[in-house]
Amino acid sequence: MSRKLLIPAALLLALVIAAPWWVGGQVRSALPNNMLYLMPENIQRQINITELDYERGWFRSRANYQFDLLAGNGETASLLVAMDIRHGPWVTGPGGSFPGLASIRVQPSLRDPAFQEALEDLADDLPEMNMDLRVGLNQRLDVALTMAPMEISEADEELSFAGLEAYLLTNADLSAEGFVSIGQITASGSDMGFTMEGMEIETGTEQINDLFAPSFAMLAVPAVNSNQSLGFSASVIQASTRLSVTPGTDDQLDLAQQISIGDIQSNMPLESLDWQLAIREVPVDLLRNYSELATALQEQLARNGGNFDAQVNALLQQGGVELLRNSLAMTNH
């Protein structure tokens, strides 16, 4: 082999060998910021992420993070997240394979020992829960969550849960789509019984970190049954909500919701339900003002024990003015 061919081959080999190490460094610097970036701004302010340790390897790294969430009562809830990181430049998973930075197995656990003990008291074997993340070179992020079936028995009462599967895909432009499938849930006791025959949820948004971006969500439940003294069953349960830009504007939104139940069996005269609600021409500024107000109220409750400062009063006045200035078109059927 000539020297002209050996040099490019050697460079390619060196690149292939060095790529996983480089990817490991990129993942470490990007993880905390990217996790926060996918959350709405008002939630970002209430979460603090701390890297506890990071063991970087050539093809694989391990890391532990602590998530601290500021609650409305001023207390902080802490979540420990352990990550097993397999470096790219190629990642595989449930949705297929593609060029990527890393494939990450996530294991969350609550830091509160009392809560953990309470969970263990409920069930001898807690259900296994796995969360896998895949980070693409094109900033695509795939999240897959699975939870194993669970059964809890105590005296004459029993609860069974057939498991859960969830999937979320976010793109470089922050558009996202998700799907959740929940298995059958059954509860039984000496004088009652309840069964929900599963649930499916589908959702999508044009920008995942903006609560008021155009979006949709749909829910479907095949049937719910109860054998309590009143007796109740409902089937073909569906609900949907959609947020879209009002035609001809760029600062107003239309909200549409629908709930339907195909068949109801109970002592009530209601045999079915189809409820539709539409609110049109909702000012985006009004929604954002309400969101900022809710966040400010929570933060000040935590800090000041129920005393609100001028910022909250100003937000209240601004929201009231915006509401009075706009006529909302509403239909309810």
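Val-236 counts as partly exposed because its relative accessible area is 48%, where buried stands for under 20%, exposed for over 50% and partly exposed for values in between, with a 1.4 Å probe and protein chains only. Although Val-236 is not a glycine, its phi is positive, at about 50°. The residue lies in strand β16, which covers residues 232–245; strands here are DSSP runs of E with at least two residues, helices are runs of H or I with at least four residues, and both are numbered from the N terminus.

## Basis of the description

The model is a predicted one, in which local features need pLDDT of at least 70 and side-chain atom pairs count only at pLDDT 80 or more, while totals for chains, interfaces and linings use all residues. Residues are numbered from 1 along each chain as its sequence is written, and side-chain values use heavy atoms, with hydrogens and water left out.

## The chain as a whole

The chain holds 19 strands and 5 helices. Of its 333 residues, 33% are buried. Among contacts with a separation of 6 or more, 48% are between residues 24 or more positions apart, a contact being heavy atoms within 4.5 Å.

## Ile-261 and its contacts

Ile-261 belongs to strand β17, residues 252–265, and counts as buried because its relative accessibility is 16%. When residues up to four places away in sequence are not counted, Ile-261 touches Ala-234, Ser-235, Val-236, Ile-237, Ser-272 and Leu-273. Between Ile-261 and Gln-238 the C-alpha to C-alpha distance is 6.5 Å, with 23 residues separating them in sequence.

Leu-273, one of the residues that Ile-261 touches, is found in strand β18, residues 273–283. Its relative accessibility is 33%, so Leu-273 counts as partly exposed.

## Surface patches

Leu-273 also contributes to a nonpolar surface patch of about 490 Å², which it makes together with Phe-232, Ile-259, Met-268, Leu-270 and Trp-275. Patches are made of residues with over 30% relative accessible area and no salt bridge, like charges being joined within 9 Å and nonpolar side chains (Val, Leu, Ile, Met, Phe, Trp, Tyr) within 5 Å.

Elsewhere on the surface, a patch of negative charge gathers Glu-154, Asp-156, Glu-157 and Asp-191. For charges, Lys and Arg count as positive and Asp and Glu as negative, whereas His and the chain ends are not counted; the place of a charge is taken as NZ of Lys, CZ of Arg, CG of Asp or CD of Glu. Glu-154 is located in strand β8, residues 150–154, and counts as exposed because its relative accessibility is 54%.

## Salt bridges

The whole structure contains 4 salt bridges, each defined as a side-chain nitrogen of Lys or Arg within 4 Å of a carboxyl oxygen of Asp or Glu. One of them joins the side chains of Asp-84 and Arg-60 at 2.5 Å, N to O. This pair links distant parts of the chain, 24 residues apart, with Asp-84 in strand β3 (residues 76–87) and Arg-60 in strand β2 (residues 60–70). Asp-84 counts as buried because its relative accessibility is 18%, whereas Arg-60 counts as partly exposed because its value is 32%.

In another salt bridge the side chains of Asp-132 and Arg-105 meet at 2.6 Å, N to O. Asp-132 lies in strand β6 (residues 129–136) and Arg-105 in strand β5 (residues 96–110), so this pair ties together parts that are 27 residues apart in sequence. Asp-132 is partly exposed, with a relative accessible area of 23%, and Arg-105 is likewise partly exposed, at 33% relative accessibility.

## A salt-bridge network

Arg-134, Arg-140 and Asp-142 are linked in a network of salt bridges. Within it, the closest N and O atoms of Arg-134 and Asp-142 are 2.8 Å apart. Arg-134 is buried because its relative accessible area is 3%, and Asp-142 is buried because its relative accessible area is 1%.

## A positive phi in a loop

Leu-174 has a positive phi, near 70°, and is a residue other than glycine. Leu-174 is found in the loop between β10 (164–170) and β11 (176–182), where it counts as buried because its relative accessibility is 6%.

Note on methods
Areas by Shrake-Rupley, 256 points an atom, 1.4 Å probe, with all protein chains shown as cover.
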